[in-house]
Amino acid sequence: MIAISDSIFIDGDLPVLYLKRLDGIVMSDIHIGYEQDMAKRGIYIPNVQKKRFLSVYEKSLSTFNFKKLIINGDFKHTFEKLTKQEKDELSEILSRTREDGIEVKVIKGNHDNYISLVVEKFDNVELMDSMEVDNLVITHGHKTVEKKDDKTFILGHEHPRLSIRDRIGYVKRFQVFLSIPIRDSSSKIIVLPPVGTYQAGNDVTMFHSNYMSPLIRNYGSLENAKPYVIVEGEGIMEFPELKLLRKIII
């Protein structure tokens, strides 16, 4: 188990944070319903998003034995409505959490329109715009957030990955957690990797304009950002700051 910040841990190859003080995990960007949305566009892909979520959830439950699950945005995928796939699969997932006695907080992401039509049916689920506990601020990342001192901001939204090129030009891509100091502040940002199988990721760089989250674009000290690389089936590796990786990252 690796302490990524004070009382915040990562373990195994899981794309989740364990918050010890809350006895809970945070995950982001599941994008339930992605397959049906792609099928509507004529692209037919295997239906695996729910299976991937349940696999991560079950492995996390075994690893951390948590009592609280925080979904930090983009639980569902389709912007303009709640699709049948989303309704059915979200209901199945939330029924499972209720059976397990897990308290669920759903932080609204930019894809989570109409999700209230599902979550309002579950007494173990609360829908929120953001969540602040002690020095932790959990928010999806698509909206402008006020900069504060002595805070740890936990974001999703970016789908961060690290793309590394070796000497012969071969590129290997890894999902990562990204820990970013905030300039002229005692605060930091921790960016979650996506849970969704098809949310392949956006390359981590030192260019502020490449990031979608206003908090990162405006205040992130990207040269001092540190990636924690997930090697599926193996574990998580702590890498040096991006300024020391500039010659090998794309």
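Guide: A residue is called buried under 20% relative accessible area, exposed over 50% and partly exposed in between, with a 1.4 Å probe and protein chains only. The model is a predicted one, in which local features need pLDDT of at least 70 and side-chain atom pairs count only at pLDDT 80 or more, while totals for chains, interfaces and linings use all residues. Residues are numbered from 1 along each chain as its sequence is written, and side-chain values use heavy atoms, with hydrogens and water left out.

Helices (H or I, at least four residues) and strands (E, at least two) are DSSP runs, numbered from the N terminus.

Which residues of H3 are buried? They are Gln85, Glu86, Glu89, Leu90, Ile93, Leu94 and Thr97. These residues cover an arc of only 135° around the axis, which puts them on the same side of H3; the arc is that of the directions from the helix axis to the C-beta atoms. An α-helix has 3.6 residues a turn, so residues three or four places apart point the same way. Lys84 and Glu99, on the other side of H3, are exposed.

With contact taken as heavy atoms within 4.5 Å, the buried residues of H3 pack against H1, helix H2 (49-64), strand S5 (68-72), strand S6 (103-107), helix H4 (116-119) and strand S7 (125-128). After H3 comes Gly101, with a positive phi near 70°.

The strands S5, S6 and S7 belong to an open sheet of seven strands, ordered S1-S2-S3-S4-S5-S6-S7, with mixed pairing. Two strands pair if DSSP finds at least two bridges between them. Strand S1 (2-5) and S7 stand at the edges with a single partner strand each, so one side of each lacks a neighbour in the sheet. From one strand to the next the twist averages 25°.

Within this sheet, strand S3 (residues 17-19) and strand S4 (residues 24-27) are antiparallel over three bridges, and Leu17 stands opposite Val26 in S4. H2, one of the elements that H3 packs against, touches S3, S4 and S5, and its direction makes about 150° with that of S4. Axes here are lines fitted to C-alpha atoms, for helices over the stretch in contact, and angles run from 0 to 180 degrees between N-to-C directions.
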